[in-house]
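This briefing is meant to be read alongside the sequence and the coordinates. It takes up a metal site, a set of paired strands and a nonpolar core in turn.

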Amino acid sequence: YAAKGRRRGVLVYDEARDGMGRRRLELIAELRQGIGEGQLRLHFQPQLELRTGRVVAVEALVRWQHPTRGLLGPGDFIDLAESAGLMGLLTTWVVEDALRQCRQWRDEGLHLRVAVNVSPSAVVDRAFPQQVERLLRHHGIPAERLVLEVTEELLMNNPQRTVDALSVVRGLGVGVSIDDYGTGYSSLAYLKDLPVTELKLDRSFIASMGSSARSSAIVRSTLNLAHALGLHLVAEGVEDEATLLALAGLGCDLAQGYHLSRPLVADDVPDAVRRIATALARA
Ligand code: C2E
Ligand code: MG
Ligand code: MG
Ligand code: MG
């Protein structure tokens with residue numbers, strides 16, 4: 001009886017694993033094809049400069065318009081792309097599309113910086129810095145208008161190659177931001193050596209600023225650290241007015257979050273930029 005149960009258990013387990021494996025391979029093939037066929041989309045979330053009350057930047061966030069499963073978020077396919085070796089392809093598409101969009105806004109008189117998330121494996125690819133330079137030149141975007149958001153994970157796992165690659169793009173004038181700052185190892189060593197321009201404090205600290213004296217102390221001290229190093233601090237995940245006002249009062253440089261705007265399709269960005277400035281002028 002026990003043996004039978006076990007055998008059945010093993011069977012069920014293998015079936016599930018096999019099914020998942022097959023599904024995964026299917027998805028990988030679909031993603032590879034989807035990137036080639038233009039199924040990726042960028043949404044853009046405004047970043048408000050608190051000192052001036054103006055939207056000066058947007059963060060590009062990738063989505064996959066899957067033919068049958070609908071619009072998928074990065075949580076549904078970034079890990080897949082990473083493990084399938086598709087990150088270089090995806091990142092190239094994202095940087096290119098972000099710069100193309102930035103160009104279009106400029107042609108309409110809207111000058112925005114655009115921040116792009118780049119994964120560790122894409123940054124340490126030897127072709128990456130040159131590719132960024134080529135795309136900037138192709139679209140006629142000043143390097144200062146592009147920011148690369150990297151995670152602390154990158155800085156821990158591949159220190160020398162990362163420093164080298166980021167130094168090259170930084171040398172072009174491209175900004176470098178540490179995304180989700182404070183959730184990784186937060187080693188101060190890399191802040192000493194790395195050519196970063198911005199810290200983007202993780203939303204877990206921002207969300208609890210109002211209710212937790214500790215979070216609030218972390219926000220204040222990170223702001224001091226950033227400013228002492230000549231870096232900007234961006235607060236992500238700003239979800240209410242009180243948090244926005246508190247950040248402005250502390251002297252935080254940029255704020256981003258649902259309270260200001262959700263990530264938007266490109267066509268909706270110009271209106272949102274105006275709406276946010278107007279709402280602030282009234283407040
Ligand atoms: P992230 O770079 O930290 O991006 C911020 C995420 O928080 C976005 O989720 C955004 O929609 C969400 N968010 C913005 N404001 C708020 C808020 O007020 N409250 C809350 N709760 N969430 C907010 P999304 O678009 O699902 O992206 C998730 C992650 O996927 C990103 O985190 C980033 O690490 C990664 N990602 C997105 N686009 C790309 C890409 O093009 N390439 C790579 N490699 N990774 C990407
Ligand atoms: Mg980001
Ligand atoms: Mg982040
Ligand atoms: Mg995050």
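Donors are here the N, O and S atoms within 2.8 Å of the metal, and because water is not among the atoms, sites may look incomplete. The model is predicted, and with that in mind the donors of the magnesium ion (ligand 3) follow the spacing D-D-x55-E along the chain.

**Metal site**

- The residues that coordinate the magnesium ion (ligand 3) are Asp179 (OD), Asp180 (OD) and Glu236 (OE), at 2.0 to 2.4 Å.
- Asp179 also coordinates the magnesium ion (ligand 2), which is 3.9 Å apart from the magnesium ion (ligand 3).
- Distant parts of the chain are linked in this way, since Asp180 is in strand S6 (residues 175–181), while Glu236 is in the loop between strand S8 (232–235) and helix H11 (241–250), 56 residues apart.
- Asp180 counts as partly exposed because its relative accessibility is 27%, whereas Glu236, at 10% relative accessibility, counts as buried; the cut-off for buried is under 20%.

**Strand S2 and its partners**

- Eleven of the 13 residues of strand S2 (residues 54–66) are buried, and the strand is therefore largely enclosed by the rest of the structure.
- Strand S1 (residues 40–49) pairs with S2 in the antiparallel sense over ten bridges, and the two form a hairpin with four residues between them, where Gly53 in the turn has a positive phi of about 70°.
- S2 also pairs in the antiparallel sense with strand S3 (residues 70–72), over three bridges; a hairpin through three residues joins S2 to S3, and His66 stands opposite Gly70 in S3.
- With strand S4 (residues 113–117), by contrast, S2 runs parallel, and four bridges join them.

**Nonpolar core**

- In soluble globular proteins, nonpolar side chains tend to be buried together.
- The largest nonpolar core has 80 residues, of which Leu31, Leu40, Phe44, Val114, Leu146, Leu247 and Val269 touch the most other members.
- Helix H3 (residues 87–107) gives the most to this core, with nine residues.
- Leaving aside residues up to four places away in sequence, Val114 touches Phe44, Val58, Ala60, Ala98, Leu99, Cys102, Arg145, Leu146 and Val147.

Conventions:
Residues are numbered from 1 along each chain as its sequence is written. Chains are lettered from A and ligands numbered from 1 in the order in which they are written. Side-chain values use heavy atoms; hydrogens and water are left out. A nonpolar core is a set of buried Ala, Val, Leu, Ile, Met, Phe, Trp, Tyr and Cys residues joined through side-chain atoms within 4.5 Å. Buried means under 20% relative accessible area, exposed over 50%, partly exposed in between (1.4 Å probe, protein chains only). Contact means heavy atoms within 4.5 Å. Donors are N, O and S atoms within 2.8 Å of the metal (3.2 Å for Na, K and Ca); water is not among the atoms, so sites may look incomplete. Two strands pair if DSSP finds at least two bridges between them.
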